[in-house]
Amino acid sequence: MSGILQYISDCDCTITKGFIFIAFAIGVFKLTTTTLSFASIIFDSYILPGVNFSKYGANKGNWAVITGASDGIGKEYAFQLAKKGFNIVLVSRTESKLETVATEIQTKYKKQTKIVAFDATTDAPENYVALSKALEGLPVTILINNVGQSHSIPVSFLDTTDEEMMSIITLNNIVTLKVTKVVARLIVSNVGKSKNIRGLILTMGSFAGLIPSPLLGVYSGSKAFLQNWSGALAGELKPEGVDVELVISYLVTSAMSKIKRTSFSIPNPKQFVSSTLKNIGRRVGAQERYATITPYPSHALMHWGIETFIGVYSKTVNKINLDMHLSIRKRALKKAARLEAEKKQS
Ligand SMILES: NC(=O)c1ccc[n+]([C@@H]2O[C@H](COP(=O)([O-])OP(=O)(O)OC[C@H]3O[C@@H](n4cnc5c(N)ncnc54)[C@H](OP(=O)(O)O)[C@@H]3O)[C@@H](O)[C@H]2O)c1
């Protein structure tokens, strides 16, 4: 660095000097902001204490509504929010699974529960009526838009069946919007300056929404939609006293991901939800995105690295994603063929 400064001061040409100085200043600025944003990830992930949920009315009889609450990440949101002091409304498809989760919450965390069971892909008006009825008179302060569906295996857009396409868009987008309309109105009426508590709406995004993902095109587009919708809602509801956040995740072990073993980059739902709730209101890996959080530490580093050094819309990232999904598709087809052969033999 001292060599560069020496060269600038020795050089005779004013224009060259000016250009070198500007390039040098931009370089120093970029290095400083990159270092600061990296430091911020480390700070959020490992140093700052967890967010205090009393600002959302914990342990005061308030309720959280969670969709897709009978399994995976949603079930874990239900357990951890009950542990933090909220009564829970569990919304999902399979009634028997919801009853099991409700019983566990009542016995383990001594919190009240309500269950609402429907197949959300129908988008039937009765579903939202049933939800509204269940919520009547409840002081709801939190909504977790967790329900979601991906492709059964990676598949090109042209080979995606209309049925799968409609079910992904209905569940991930239409249902999320309609459920939010029902619940957000309630939250707004229950929070604000006069009540001295805030509301919270979290929506599950995905790396597939952050990065265009070949062979998961419909899922990728549906999650990208949630990014902008949730960001817009965040601006609208901030003055009403409601924090709105999109939660970005890479892989987590679950029925949807079909991954059973955890690793450095793949947490289980318990680890993932714990990182999320600890960091509400912070960006962690989503440093450049308002009202967005990439909470799990290894996911945060991946998000930051891709966004900072390669670009989420770059050709390179698109190609890496395509190759990864081609390989997953090949393995899934091989497995399906093996299972079919075993079935025929038995
Ligand atoms: N797992 C990952 O790697 C990953 C990565 C990024 C983002 N995400 C996002 O995280 C969210 C949760 O994923 P997950 O992996 O926890 O999924 P999961 O384990 O498959 O659980 C999905 C939940 O949604 C419910 N559900 C599914 N279809 C439904 C329908 N038609 N109607 C009503 N409820 C329905 C399920 O109910 P039943 O129990 O009745 O089936 C279950 O409670 C999703 O939005 C997903 O896109 C996941």
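**Figure 1. Arg289, at 16% relative accessible area, is a buried residue.** The model shown is predicted: local features require pLDDT of at least 70 and side-chain atom pairs pLDDT 80 or more, whereas totals for chains, interfaces and linings use all residues. Residues are numbered from 1 along each chain as its sequence is written, and side-chain values use heavy atoms, with hydrogens and water left out. Buried denotes under 20% relative accessible area, exposed over 50%, and partly exposed the range in between, with a 1.4 Å probe and protein chains only. Glu288 is partly exposed, at 43% relative accessible area. The side chains of Glu288 and Arg289 form a salt bridge with an N to O distance of 2.7 Å; the term requires a side-chain nitrogen of Lys or Arg within 4 Å of a carboxyl oxygen of Asp or Glu.

Figure 2. In the pair of Lys238 and Asp243, the closest N and O atoms are 3.1 Å apart. Lys238 is partly exposed, with 40% relative accessibility, whereas Asp243 is buried, with a relative accessible area of 7%. The structure holds 10 salt bridges.

**Figure 3. Glu245 and Arg283 pair in a salt bridge, their closest N and O atoms being 2.8 Å apart.** Glu245 belongs to strand S6 (residues 242–247) and Arg283 to the loop between helix H9 (269–278) and strand S7 (292–293), so the pair ties together parts that are 38 residues apart in sequence. Helices (H or I, at least four residues) and strands (E, at least two) are DSSP runs, numbered from the N terminus. Both Glu245 and Arg283 are buried.

**Figure 4. The ligand is surrounded by 31 residues, the closest being Ser70, Thr94, Lys97, Tyr219 and Ser254.** A residue is counted here if one of its heavy atoms lies within 4 Å of the molecule. The shell comprises 13 nonpolar, 13 polar and five charged residues; Ala, Val, Leu, Ile, Met, Phe, Trp, Tyr, Cys and Pro count as nonpolar, Asp, Glu, Lys and Arg as charged, and the others, Gly among them, as polar. Oxygen atoms of the ligand lie 2.6 Å from a polar side-chain atom of Ser70, 2.7 Å from a side-chain N or O atom of Arg93 and 3.0 Å from a polar side-chain atom of Lys223. Of the 900 Å² of accessible area that the ligand has on its own, the protein covers 93%. Helix H3 (72–83) and helix H8 (217–237) are the elements that give two or more residues to the shell.

**Figure 5. Phe21, Ile22 and Ile26 make up a nonpolar surface patch with about 320 Å² of accessible area together.** Patches consist of residues with over 30% relative accessible area and no salt bridge, like charges being joined within 9 Å and nonpolar side chains (Val, Leu, Ile, Met, Phe, Trp, Tyr) within 5 Å. Accessible areas come from the Shrake-Rupley method with a 1.4 Å probe; for residues, only the protein chains shown count as cover. Ile26 is part of helix H2 (residues 14–47) and is exposed, at 54% relative accessible area.

**Figure 6. Lys193 and Gly241, 48 residues apart in sequence, have a C-alpha to C-alpha distance of 7.0 Å.** Lys193 sits in the loop between helix H6 (162–190) and strand S5 (199–204) and is exposed, with a relative accessible area of 87%.

Notes
A polar contact is a pair of N or O atoms within 3.5 Å; within protein, one must be able to donate a hydrogen and the other to accept it, and residues adjacent in sequence count only if both atoms are side-chain atoms.
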